[in-house]
Amino acid sequence: MPVVTIVGNPNISVENRREMVKKVSEAVAEAYNLPIEAITVLVEALPPESIGVAGELLIDRK
């Protein structure tokens with residue numbers, strides 16, 4: 001059973017998370033030639049003070 005972990009900031013709506021999980025699940029199921037029921041997707045939301053991009057925290061970016 002493949003497990004996909006997506007880590008990002010919490011600024012994504014529940015509706016967009018639903019759509020993302022569906023699309024990722026479909027793509028992985030197709031790649032592995034498995035039923036979609038065999039795919040697990042974990043969405044981990046980190047606060048902006050825990051994500052660094054280009055050498056600075058997201059909370060500090062303007």
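These are my notebook entries on a predicted model of one chain.

**Ground rules**

I number residues from 1 along each chain as its sequence is written. The model is predicted, so I ask for pLDDT of at least 70 for local features and 80 or more for side-chain atom pairs, while totals for chains, interfaces and linings use all residues, and side-chain values use heavy atoms, with hydrogens and water left out.

**Entry: fold and outline**

I looked up the secondary structure first. The chain has 1 helix and 4 strands. I take both from DSSP runs: H or I of at least four residues for helices, E of at least two for strands, numbered from the N terminus. In sequence order I read β-α-β-β-β.

Next I checked the overall dimensions. Along the principal axes, the C-alpha atoms fill a box of roughly 45 × 25 × 15 Å.

**Entry: surface and contacts**

How much of the chain counts as buried? I get 13% of the 62 residues. My classes use relative accessible area: buried is under 20%, exposed is over 50%, and partly exposed is in between, with a 1.4 Å probe and protein chains only. The chain exposes about 4600 Å², and carbon and sulfur atoms supply 55% of that area. The areas come from the Shrake-Rupley method with a 1.4 Å probe; for residues, only the protein chains shown count as cover.

I then turned to contacts, meaning heavy atoms within 4.5 Å. I took pairs of residues at least 6 apart in sequence; 57% of these contacts join residues at least 24 apart.

**Entry: charges and salt bridges**

I count 6 positive and 9 negative charges, and their mean positions are 5 Å apart. Lys and Arg are positive, Asp and Glu negative; His and the chain ends are not counted. I place each charge at NZ of Lys, CZ of Arg, CG of Asp or CD of Glu.

Side chains of opposite charge can pair when their charged atoms come close. For a salt bridge I require a side-chain nitrogen of Lys or Arg within 4 Å of a carboxyl oxygen of Asp or Glu. By this rule I find 4. I looked into several of them, as follows.

- Glutamate 15 bridges to arginine 18, with the closest N and O atoms 3.5 Å apart. The two are 3 residues apart in helix H1, so about one helical turn separates them.
- Lysine 23 meets glutamate 19 at 2.8 Å, N to O. They sit 4 residues apart in helix H1, so about one helical turn lies between them. Glutamate 19 is partly exposed, at 39% relative accessible area.
- Lysine 22 pairs with glutamate 26, the closest N and O atoms being 3.8 Å apart. Here too I note 4 residues along helix H1, so about one helical turn. Glutamate 26 is partly exposed because its relative accessibility is 37%.

**Entry: serine 25**

Is serine 25 buried or exposed? Serine 25 is buried, since its relative accessible area is 7%. I place serine 25 in helix H1. Which residues touch serine 25, leaving aside neighbours within four places in sequence? I find Ile36, Ile39 and Val41. I also took a distance to valine 7, 18 residues apart from serine 25 along the chain: the C-alpha atoms are separated by 15 Å.

**Entry: loops and positive phi**

Most residues other than glycine have a negative phi. I looked for residues that depart from this.

Asparagine 33 has a positive phi, near 55°. Asparagine 33 lies in the loop between helix H1 (14–32) and strand S2 (40–45). Asparagine 33 counts as exposed because its relative accessibility is 69%.

Alanine 54 also has a positive phi, near 55°. Alanine 54 is in the loop between S3 and S4. With a relative accessible area of 74%, alanine 54 is exposed.

Where does glycine 55 lie? I find glycine 55 in the loop between strand S3 (52–53) and strand S4 (56–57). Its relative accessibility is 86%, so glycine 55 counts as exposed. Glycine 55 and valine 3 are 52 residues apart along the chain, and their C-alpha atoms are separated by 29 Å.
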